[in-house]
Amino acid sequence: MYAAIRRYEGVTDSAEAARLVKEGFVPLMRQVPGFVAYYWIDTGDGAMVSTSVFQDRAGADESISRAADFVRDNLASLLPNPPQVMAGEVVASA
């Protein structure tokens, strides 16, 4: 399995960002081949983190691309700063 993690800072409205992600982005993630799980986390203090898990690297890479497009098209005013993006193979899980 592979995971992609994106950390957004400077979030201007976490409740609205969560609503848009839940209603618009989550359905897009479910369409990516190899989808396993997706989490959108409000860490407080204007930061939010997403974690996408896929069966293979191609799915994780696709999620990064789709996230960039979705943020640009739907969340730019709520997530004004570029995210920190990390991705890699899941080497342990529970």
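This briefing describes the sheet, the helices, the nonpolar core and the salt bridges of one structure.

The model is predicted: local features require pLDDT of at least 70, side-chain atom pairs count only at pLDDT 80 or more, and totals for chains, interfaces and linings use all residues. Residues are numbered from 1 along each chain as its sequence is written, and side-chain values use heavy atoms, with hydrogens and water left out. An open sheet of 4 strands is present, with helix 1 lying across strand 1, strand 2 and strand 3 and helix 2 across strand 1, strand 3 and strand 4. Helices (H or I, at least four residues) and strands (E, at least two) are DSSP runs, numbered from the N terminus.

**Sheet**

- The strand order is 2-3-1-4, and the pairing is antiparallel; two strands pair if DSSP finds at least two bridges between them.
- From one strand to the next, the twist averages 10°.
- Strand 1 (residues 2-9) pairs with strand 3 (residues 47-54) in the antiparallel sense over 8 bridges.
- Tyr-8 has Met-48 of strand 3 as its bridge partner.

**Helices**

- Helix 1 runs at about 170° to strand 2, whereas helix 2 runs at about 25° to strand 1. Axes are lines fitted to C-alpha atoms, for helices over the stretch in contact, and angles run from 0 to 180 degrees between N-to-C directions.
- The axes of the two helices, helix 1 and helix 2, come within 11 Å and cross at roughly 145°.
- Contact (heavy atoms within 4.5 Å) between them involves residues of helix 1 including Ala-17, Leu-20, Val-21 and Phe-25, and residues of helix 2 including Ala-67, Phe-70 and Leu-75.

**Nonpolar core**

- In soluble globular proteins, nonpolar side chains tend to be buried together.
- The largest nonpolar core has 19 residues, and Phe-25 and Leu-75 have the most contacts inside it. Such a core is a set of buried Ala, Val, Leu, Ile, Met, Phe, Trp, Tyr and Cys residues joined through side-chain atoms within 4.5 Å.
- Strand 1, helix 1, strand 3 and helix 2 are the elements that give two or more residues to this core.
- Beyond its neighbours within four places in sequence, Leu-75 is in contact with Ala-17, Leu-20, Val-21 and Phe-70.

**Salt bridges**

- The count comes to 7 salt bridges, each defined as a side-chain nitrogen of Lys or Arg within 4 Å of a carboxyl oxygen of Asp or Glu.
- Glu-16 and Arg-19 form one of them, at 2.6 Å from N to O. These residues are 3 apart in helix 1 (residues 14-31), which means that about one helical turn separates them.
- Accessibility is classed as buried under 20% relative accessible area, exposed over 50% and partly exposed in between (1.4 Å probe, protein chains only). Glu-16 is partly exposed at 27%, and Arg-19 is partly exposed at 35%.
- A network of salt bridges links Glu-16, Arg-19 and Glu-23.
- Arg-57 and Asp-61 form a salt bridge at 3.7 Å, N to O; because they are 4 residues apart in helix 2 (residues 57-75), about one helical turn separates them. Arg-57 is exposed at 53%, whereas Asp-61 is partly exposed at 38%.
- Asp-73 forms a salt bridge with Arg-72, with the closest N and O atoms 3.0 Å apart. Asp-73 is exposed at 52%, and Arg-72 is exposed at 54%.
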